[in-house]
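Open the model in your viewer and keep the selection panel at hand. Each stop says what to pick and what is there.

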Amino acid sequence: MKPVLAIAGPTASGKSAASLAIAQRWPVEIVSVDSALVYRGMDIGTAKPSPDELAQVPHHLIDTTDPRDAYSAAEFVRDAQRLIGEITVRGRTPLLVGGTMLYFKALMQGLNDMPPADAAVRAEIEARALAQGWPALHAALAQIDPATAARLSPNDAQRIQRALEVFAVSGQPLSRFQTGPSGDHANPIAPGALLSLEPADRAWLHARIAQRFDAMLAAGFIDEVKALRARGDLHPDLPSMRCVGYRQAWEALDAAGDAPLTDAQRNELRDRGIFATRQLAKRQITWLRSMPERVVLPCDAPDALAQVLRWAEKNL
């Protein structure tokens, strides 16, 4: 049985470069572990691999889902398990790469019997939020599920909505479902085969995040969001449009109306987008630190890529 390798890390930590370096030396296929890369038409703001990079090595779970649709952790586990089997049968090594830590946790530890999404209940919650505001719904959540409410921002619409939905459908708080997986679950990633790219100096990562957001703006990120808005069937409460960067750009375009963004509005969008991305990276690092099985590699080390290749050679 061929090994399954995995590279995790916060945004802008160099995961893509590391995976491509491995692919140049060993027969691997990359499985994306990223909740944003699944969406079609969201290329610039997700830092999706370029056509040239995609041509260098087979990539999976990229451009599989329309932005109006949701893609769950359970769907990821199903797809990843299928792909691991198919890649292994082809005589190649599955290389899981990404920063969506919930997906990694679900694949490695399993999922409990979480209630499926209920469109009617979700619509009712959205109507309440429109009338009362998300902070009011956060306060309501604190009454029925204080453990979940305590770890959520009062404006975290997506997670507040899901927690209220789970309670409405099942009568049980979301925190009860998150206490651990149900049943036996085989982790496909062997001990030592999960590499975590984490910066020794957080300032290094912050500089990379700012550089990448500037590059996205220069590459036409605002026009990409304009095109998504012009479809007419998307709205800012969809999981796809809540992705970091897209939410801030949507709000900036809402504020501008039909007029082009002013320099001040572009600067504000840049600042808010970079701040939100830094917050995402902080959450990702917190997740990683709760995974004792990972092998930590300082992604800001001068020889980081050489260390990645040594790790890969050891595990392959």
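**First stop: a pocket**

Select helix α12, residues 246–256: with four residues, α12 gives the most to the lining of the second largest pocket. This is a predicted model, where local features need pLDDT of at least 70, side-chain atom pairs count only at pLDDT 80 or more, and totals for chains, interfaces and linings use all residues. Residues are numbered from 1 along each chain as its sequence is written, and side-chain values use heavy atoms, without hydrogens and water.

Helices are DSSP runs (H or I, at least four residues), numbered from the N terminus. A pocket is an open set of points on a 1 Å grid where a 1.4 Å probe fits, with protein on both sides within 12 Å along at least five of seven lines; lining residues have an atom within 4 Å of a point.

Now select the lining: W134, N155, A157, P236, D237, R242, R247, W250, E251 and D254. Four are nonpolar, one is polar and five are charged.

**Second stop: helix α6**

Select residues 134–144. Which residues of α6 are buried (under 20% relative accessible area)? They are W134, L137, H138 and L141. They lie on the same side of α6, because they cover an arc of only 105 degrees around the axis, taken from the directions from the helix axis to the C-beta atoms. Show α5 (119–132), α7 (146–150) and α8 (157–170) too: the buried residues of α6 pack against these helices.

Select I22. Beyond its neighbours within four places in sequence, I22 is in contact (heavy atoms within 4.5 Å) with I7, V28, L95, V308, L309, W311 and A312.

Key: Helix = DSSP H or I, 4+ residues; strand = E, 2+ residues; numbered from the N terminus. Nonpolar A, V, L, I, M, F, W, Y, C, P; charged D, E, K, R; others polar. Buried < 20%, exposed > 50% of the residue type's maximum accessible area, 1.4 Å probe, protein only.
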